[in-house]
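Please open the model in a viewer and keep the sequence panel at hand. The stops below say what to select and what is there.

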Amino acid sequence: LIGHSMGGVVCSYYAEQIAEKGRVTDLITLGSPLDGSRPAVIPGKAACARELRPGSPLLTELAKRRAKSKEVRYYHVAS
């Protein structure tokens, strides 16, 4: 899988929580806010954007799963 920006977060979620075991072997993220995005804390943002706040429950859970993942190889490219 390859995901850019929020798409990288979605791909990570899919790989770790939805896909059947062995379905995703490699995941490349390009400029994805896997550790959160400061603009996401601005009031009035949509619910999906609020999930990108640093320390949000979603990003915290995904970080734990990525750290334990033995089946998915992650490649992160930041800009």
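**Starting point: Leu59**

Select Leu59: this residue is buried, with a relative accessible area of 4% (buried means under 20% relative accessible area, exposed over 50%, partly exposed in between, with a 1.4 Å probe and protein chains only). The model is predicted, so local features need pLDDT of at least 70 and side-chain atom pairs count only at pLDDT 80 or more, while totals for chains, interfaces and linings use all residues. Residues are numbered from 1 along each chain as its sequence is written, and side-chain values use heavy atoms, with hydrogens and water left out.

Leu59 is found in helix α3 (helices are DSSP runs of H or I with at least four residues, strands are E runs of at least two, and both are numbered from the N terminus). Now show its contacts (heavy atoms within 4.5 Å). Not counting residues up to four places away in sequence, Leu59 touches Val9, Pro33, Leu34, Asp35, Gly36, Glu51, Leu52 and Arg53. Pro39, 20 residues from Leu59 in sequence, is 15 Å away in space, C-alpha to C-alpha.

**The α1 and α3 pair**

Next, select residues 6–18 (α1) and 57–68 (α3): their axes come within 10 Å and cross at roughly 55 degrees. Axes here are lines fitted to C-alpha atoms, for helices over the stretch in contact, and angles run from 0 to 180 degrees between N-to-C directions. That angle makes α1 oblique to α3 (under 35 degrees counts as roughly parallel, over 145 as roughly antiparallel, 65 to 115 as roughly perpendicular and the rest as oblique). The crossing of α1 and α3 is left-handed, a term for a near helix turned anticlockwise from the far one by less than a right angle; clockwise would be right-handed.

On the α1 side, colour Val9, Ser12, Tyr13, Glu16 and Gln17; on the α3 side, Leu58, Leu59, Glu61, Leu62, Arg65 and Arg66. By class, this contact of α1 with α3 has 5 nonpolar, 2 polar and 4 charged residues (Ala, Val, Leu, Ile, Met, Phe, Trp, Tyr, Cys and Pro count as nonpolar, Asp, Glu, Lys and Arg as charged, and the others, Gly among them, as polar).

**The nonpolar cores**

Which residues form the largest nonpolar core? Select Cys11, Ala15, Ala19, Val24, Leu27, Val72 and Tyr74, 7 residues in total. A nonpolar core is a set of buried Ala, Val, Leu, Ile, Met, Phe, Trp, Tyr and Cys residues joined through side-chain atoms within 4.5 Å. Another core, of 5 residues, lies apart from it and includes Val9, Leu34, Leu52 and Leu59.

Move to Ile28, in strand β2, which counts as partly exposed at 29% relative accessibility. Its contacts, not counting residues up to four places away in sequence, are Leu1, Ile2, Gly3 and Tyr75.

Gly31 is in the loop between β2 (26–30) and α2 (47–50). Beyond four places in sequence, Gly31 touches Ser5, Val77 and Ala78.

Two of those partners deserve a selection. Val77 lies in strand β3 (residues 73–77) and is partly exposed, with a relative accessible area of 44%. Ser5 sits in the loop between β1 (2–4) and α1, and has a positive phi of about 55 degrees although it is not a glycine.
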